[in-house]
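Here are my notes for you, arranged as numbered points. Have the model open as you read, and start with the question just below it.

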Amino acid sequence: MKKLFYFAFAAMLCCGFTACSGDDDNGNSNEDGGNLDNLLGIWTLVKDVWYSDNDNSIDKYEPGIYVIYFGPDGIGLTQEINDGKKWTSRFKYTLMDDKLRIEFDEDDSEPWIATIKSLSAEQLVLIEEGYNEEYDYSYRYESYYMRYE
């Protein structure tokens, strides 16, 4: 069940962050003018958009079902509420330019790396792009979050 949760979390985060330009004064701004300090705090997933070679879909979520917290110390938490059950996982994260790297404490899988498409005080958009070798298709996954406090 944990593997399924981590896969769902990775998908909902939409692994892929593109935001910072190389000439930022302090490295904390993205292309949209947002400050990466805006990442800190609590976010809730509101929409996922999936594009692949053979399928496209959009899923919308009620605020509070999928929640992610980014702390100032590089530690974060995820929470999912599904069928009245709550799952919480702890992770470590780092930011390098526009890339967000997440490593779950209780998981031996590879770190999840996402690109920040946009980041403001109220909205976070993450992108994950890749290729599924097992099923032979390319994909792009966009996850839209709003501030949740």
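Which residue's side chain does Glu129 meet in a salt bridge?

1. A word on the ground rules before you zoom in. This is a predicted model, where local features need pLDDT of at least 70 and side-chain atom pairs count only at pLDDT 80 or more, while totals for chains, interfaces and linings use all residues. Residues are numbered from 1 along each chain as its sequence is written, and side-chain values use heavy atoms, with hydrogens and water left out.

2. The partner is Arg140: its side chain and that of Glu129 meet in a salt bridge at 2.9 Å, N to O. The term stands for a side-chain nitrogen of Lys or Arg within 4 Å of a carboxyl oxygen of Asp or Glu. Glu129 lies in strand E8 and Arg140 in strand E9, so this pair ties together parts that are eleven residues apart in sequence. Strand names such as these follow DSSP runs numbered from the N terminus, where a strand (E) has at least two residues and a helix (H or I) at least four. Glu129 is exposed, with 55% relative accessible area, and Arg140 is partly exposed, with 26%. For these labels, buried means under 20% relative accessible area, exposed means over 50%, and partly exposed is in between, using a 1.4 Å probe and protein chains only.

3. Now follow the charges onward. Arg140 also forms a salt bridge with Glu142, where the closest N and O atoms are 3.0 Å apart. Through shared partners, salt bridges join Lys117, Glu129, Arg140 and Glu142 into one network. The structure holds five salt bridges. As background, side chains of opposite charge can pair when their charged atoms come close.

4. Glu142 deserves a look of its own. This residue is found in strand E9, residues 137–147, and is buried, with a relative accessible area of 6%. Its side chain meets that of Lys117 in a salt bridge of 4.0 Å, N to O. Lys117 lies in strand E7 and Glu142 in E9, so the pair ties together parts that are 25 residues apart in sequence. Lys117 counts as partly exposed, at 35% relative accessibility. The side chain of Glu142 also has a polar contact of 2.6 Å with that of Tyr144. A polar contact is a pair of N or O atoms within 3.5 Å; within protein, one must be able to donate a hydrogen and the other to accept it, and residues adjacent in sequence count only if both atoms are side-chain atoms.

5. Next, the nonpolar core, meaning a set of buried Ala, Val, Leu, Ile, Met, Phe, Trp, Tyr and Cys residues joined through side-chain atoms within 4.5 Å. The largest one has 18 residues, and those touching the most other members are Leu39, Trp43, Phe70, Ile102 and Leu124. At least two core residues come from each of E1 (41–52), E3 (66–70), E5 (85–96), E6 (99–104), E7 (112–119) and E8 (123–132). E7 gives the most, with four residues. Strand E3 is mostly covered, since four of its five residues are buried. E3 pairs with E1 in the antiparallel sense over four bridges, with Trp43 opposite Ile68. Pairing here requires at least two bridges found by DSSP between two strands. E3 also pairs with E4 (residues 75–82) in the antiparallel sense, over five bridges, and Tyr66 stands opposite Glu80 in E4. E3 and E4 form a hairpin with four residues between them, and Gly74 in the turn has a positive phi of about 80 degrees.

6. Finally, please check two loop residues. Asp97, in the loop between E5 and E6, has a phi near 55 degrees, a positive value in a residue other than glycine. Asp97 counts as exposed, at 54% relative accessibility. Asp136, in the loop between E8 and E9, has a positive phi of about 60 degrees although it is not a glycine. Asp136 counts as exposed, at 54% relative accessibility.
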